[in-house]
Amino acid sequence: MHNNKLYFLSGLTALLFTFGCQQTVNKPMLAKKVANTATTELRATGDLGLVIERASGQIQIVDHSDKASLAQISGLGDLSHASIVYSRDQRFGYVFGRDGGLTKVDLLTNKIAKRVMQSGNSIGGAISQDGKLVAVSNYTPGGVKIFDTETLALVADIPATELPNHPRNKDGSIKRSKVVGLVDAPGQKFVFSLFDSHEIWVADLSEDEIKINKYTDIGLNPYDALISPDGRYYIAGLFGENGMALLDLWAQEDGVKRILDGYGKGNKKLPVYKMPHLEGWAMAGNFAYVPAVGFHKVLIIDTQTWQQVGEIDVHGQPVFVMAQPDNRKIWVNFAFPLNDTIQVIDSKTQQLIKTLTPGPGVLHMEFTPRGENVWMSVRDSNEIQIYNTENFELLKKLPAASPSGIFFTNRAHQIGL
Amino acid sequence: MNYFNSLTFGILLSCSVSGFVVNALPSEAVEQITPLNKQQKAKLIHLVKQDCGSCHGLTLKGGLGPSLLPADLINKPEYFLTLTILNGRPGTAMPPWKDILSEQEAQWIAQQLIKGIEDAQQ
């Protein structure tokens with residue numbers, strides 16, 4: 001214990017030292033946030049975020065009040081597909097890299113606090129309700145691993161279902177299903193979907209012994225999932241068939257229901273060059289908006305009945321369908337080769353109201369916490385574009401090398417993000 | 001956008017080969033094509049890394065789709081890879097790319113995958 005304390009103190013000194021150095025270099029515009037002590041400049045993290053620079057394995061720390069980049073951190077491995085969750089104190093970001101790397105990044109010191117290689121190939125992660133556990137969903141070997149957020153020590157390993165009929169792994173072991181759509185849920189739970197074995201699992205970590213509820217035969221190849229902001233409904237999108245799988249976590253005993261199984265009937269599904277992502281919850285009033293796999297359409301679901309009540313023709317196959325924080329507008333980006341465009345839907349009239357062309361490779365969008373701005377990563381022009389959500393004015397461009405995901409720290413306090 | 005220009009040609013070729021699944025690449029047809037220039041090749045590498053990379057990983061070590069590194073393609077002949085790119089693999093998430101890529105381009109990509117894509121950049 002004593003040692004720990006010493007370690008902490010020396011860490012703190014290092015941290016103060018770092019601040020001192022960065023005061024002049026990285027953030028000249030801090031005046032309004034600075035507490036003017038002689039030696040240090042205090043910085044809060046509530047208006048910061050991280051941007052993935054996909055090709056170079058780097059991330060940028062950004063400030064969405066100042067619309068500025070504060071620092072760049074390298075050495076995060078393969079970030080070709082990466083996502084981030086935040087500690088509840090909003091100081092640390094946990095970056096899930098493609099190569100199985102889990103990196104804990106310190107937004108105050110601009111440094112990697114800790115990094116572990118936890119699998120061969122991972123897809124995403126989630127942080128627990130109490131902020132003490134971080135879970136990672138893995139492709140190889142398929143399963144979920146759970147770590148202590150403080151130390152990144154392994155707390156639990158949940159291997160996915162074995163696939164005896166698939167070719168074996170290189171080391172001769174039996175393949176396991178890839179895991180996707182991992183989210184946190186109230187009651188210290190993690191919920192996730194198994195792509196190859198067509199299942200949804202709910203892992204309850206509220207007690208010492210982990211309890212896992214498994215729902216089988218939920219529909220073919222769940223590719224991603226989301227949870228409603230109240231943590232009640234978990235919905236997995238299906239790739240192997242048209243439709244989605246719905247689990248009501250307030251009525252788990254009712255099992256998983258198939259919804260939207262009628263969409264696209266009679267029409268040929270187009271080749272899917274990029275899997276849609278289900279993130280956040282594009283919901284306005286009683287309607288939820290989701291991408292249709294293989295169609296140039298956004299589907300409208302009535303969340304009272306879970307029936308499809310409409311569809312909106314859009315520019316291409318949607319990847320992200322995201323509501324801005326006030327749910328007034330819904331923003332959609334598209335799969336290759338139509339990924340240079342963003343379209344905006346008015347949630348009141350359910351009509352398209354705007355088409356923007358930020359440029360090839362618009363990969364992700366992130367809204368400021370109360371929604372006045374949206375940041376977009378534009379991969380091929382190596383920049384982030386910041387728009388006013390009210391009048392669609394382009395406010396600023398920030399350079400970033402092949403940017404993909406943008407993640408602001410306010411996610412720390414949202415269920416499922 | 002160069003790879004779209006050869007779209008029409010790709011479709012013509014695809015029609016001509018559709019009857020010969022095994023000998024998929026009639027060599028006389030391929031020889032008539034102007035070789036891909038440097039710019040076209042750079043665009044194809046970009047496509048492989050960024051767009052194939054959505055599923056196979058930016059470094060092609062695999063993701064939702066399998067690894068496309070040379071060591072993992074040892075038993076996959078070039079024509080098999082070319083056809084897989086053009087026609088996809090029904091029942092899996094691999095889409096057909098024949099509306100996007102010509103046969104010449106698909107074949108060139110298959111060759112680079114076998115050689116290793118990093119080498120192809122130089």
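User: Which side chains meet in a salt bridge, A:K170 and what else?

Analyst: A salt bridge here is a side-chain nitrogen of Lys or Arg within 4 Å of a carboxyl oxygen of Asp or Glu. In this predicted model, A:K170 pairs with B:D72, at 3.0 Å from N to O. The count between chain B and chain A is one salt bridge. Chains are lettered from A in the order in which they are written, residues are numbered from 1 along each chain, side-chain values use heavy atoms, and side-chain atom pairs count only at pLDDT 80 or more.

User: Okay, and how many residue pairs are in polar contact across that interface?

Analyst: Think of a pair of N or O atoms within 3.5 Å, where one must be able to donate a hydrogen and the other to accept it; residues adjacent in sequence count only if both atoms are side-chain atoms. Between chain B and chain A, the rule finds eight such residue pairs, with both residues at pLDDT 80 or more.

User: Which elements give two or more residues to chain B's side?

Analyst: Helices are DSSP runs of H or I, at least four residues, numbered from the N terminus. Here they're α1 (2–5) and α4 (38–56) of chain B. The largest share, seven residues, comes from α4(B).

User: How much area do the two chains bury between them?

Analyst: Buried area is the accessible area (1.4 Å probe) that two parts lose on being put together, summed over both. For chain B and chain A that's about 1,900 Å², with 57% of it on carbon and sulfur atoms.

Terms used
This is a predicted model: local features need pLDDT of at least 70, side-chain atom pairs count only at pLDDT 80 or more; totals for chains, interfaces and linings use all residues.
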